[in-house]
Amino acid sequence: DGMDVPAGRSQRMLDAAEKGLPKLPVPRRAQVMVGVARAHAALGNADEAQRLARDGVGLARSRGLRLLDLEGRLLLARLAEDPAAAAGWRREAAIIASGIENDLGPELARHFRERPGMGELAAGNPLAPAMSEGSETP
């Protein structure tokens, strides 16, 4: 199939991780879905990445796992080919991030803003000023 040996091995590992999803408890399952989606994205499997990220986001949201919901939406924003869809995913992620940040004390909120991916929310996002100031929710 033209896939090199390391990529083929990676694909087999991802397939095995997906097959094991039903056996995992829900929080871990959502976490693995988003993680495997990231790996698929890194391998160039955009369709698989989007499918797993959407499933992971749905599961995370349904169980109140806000950080996983946020991470999945940021991944979906990066994977979206349509700029409007990407903006929508980022907007939803910014709302979740703002809610998380508002629940944290000032020191933890600062660390939260320094997490990978949070910079893309601040860049060009209408909710970013409220988030970065830690003041009021928009």
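## A helix pair and its core

The axes of helix H2 (residues 26–42) and helix H3 (residues 46–62) cross at roughly 155° and come within 8 Å. Axes here are lines fitted to C-alpha atoms, for helices over the stretch in contact, with angles from 0 to 180 degrees between N-to-C directions. H2 is therefore roughly antiparallel to H3, a term for angles over 145 degrees. The crossing of H2 and H3 is left-handed: the near helix is turned anticlockwise from the far one by less than a right angle.

This is a predicted model: local features need pLDDT of at least 70, side-chain atom pairs count only at pLDDT 80 or more, and totals for chains, interfaces and linings use all residues. Residues are numbered from 1 along each chain as its sequence is written, and side-chain values use heavy atoms, with hydrogens and water left out.

Which residues of H2 meet H3? Among them are Val26, Ala30, Met33, Ala37 and His40. On the H3 side, the partners include Glu48, Ala49, Leu52, Asp55 and Leu59. Contact means heavy atoms within 4.5 Å. By class, the contact of H2 with H3 has 12 nonpolar, two polar and three charged residues. Ala, Val, Leu, Ile, Met, Phe, Trp, Tyr, Cys and Pro count as nonpolar, Asp, Glu, Lys and Arg as charged, and the others, Gly among them, as polar.

| Core | Residues in core | Members include |
|---|---|---|
| Largest | 17 residues | Ala30, Met33, Leu52, Leu75 |
| Second, separate | 10 residues | Ala94, Ile100, Phe112, Leu121 |

A nonpolar core is a set of buried Ala, Val, Leu, Ile, Met, Phe, Trp, Tyr and Cys residues joined through side-chain atoms within 4.5 Å. Buried means under 20% relative accessible area, with a 1.4 Å probe and protein chains only. H3 gives the largest share, six residues.

Leu75 is in contact with Val34, Ala37, Arg38, Ala41 and Ala53, leaving aside neighbours within four places in sequence.

His40 lies in helix H2. Is His40 buried or exposed? His40 is buried, with a relative accessible area of 0%. Beyond four places in sequence, His40 touches Gln11, Leu14, Glu18, Asn45, Glu48, Ala49 and Leu52.

## The whole chain

The protein chain has eight helices and zero strands. Helices are DSSP runs (H or I, at least four residues) and strands are E runs of at least two, numbered from the N terminus. Of the 138 residues, 37% count as buried.

Note on methods
Angles under 35 degrees count as roughly parallel, over 145 as roughly antiparallel, 65 to 115 as roughly perpendicular and the rest as oblique. Buried means under 20% relative accessible area, exposed over 50%, partly exposed in between (1.4 Å probe, protein chains only).
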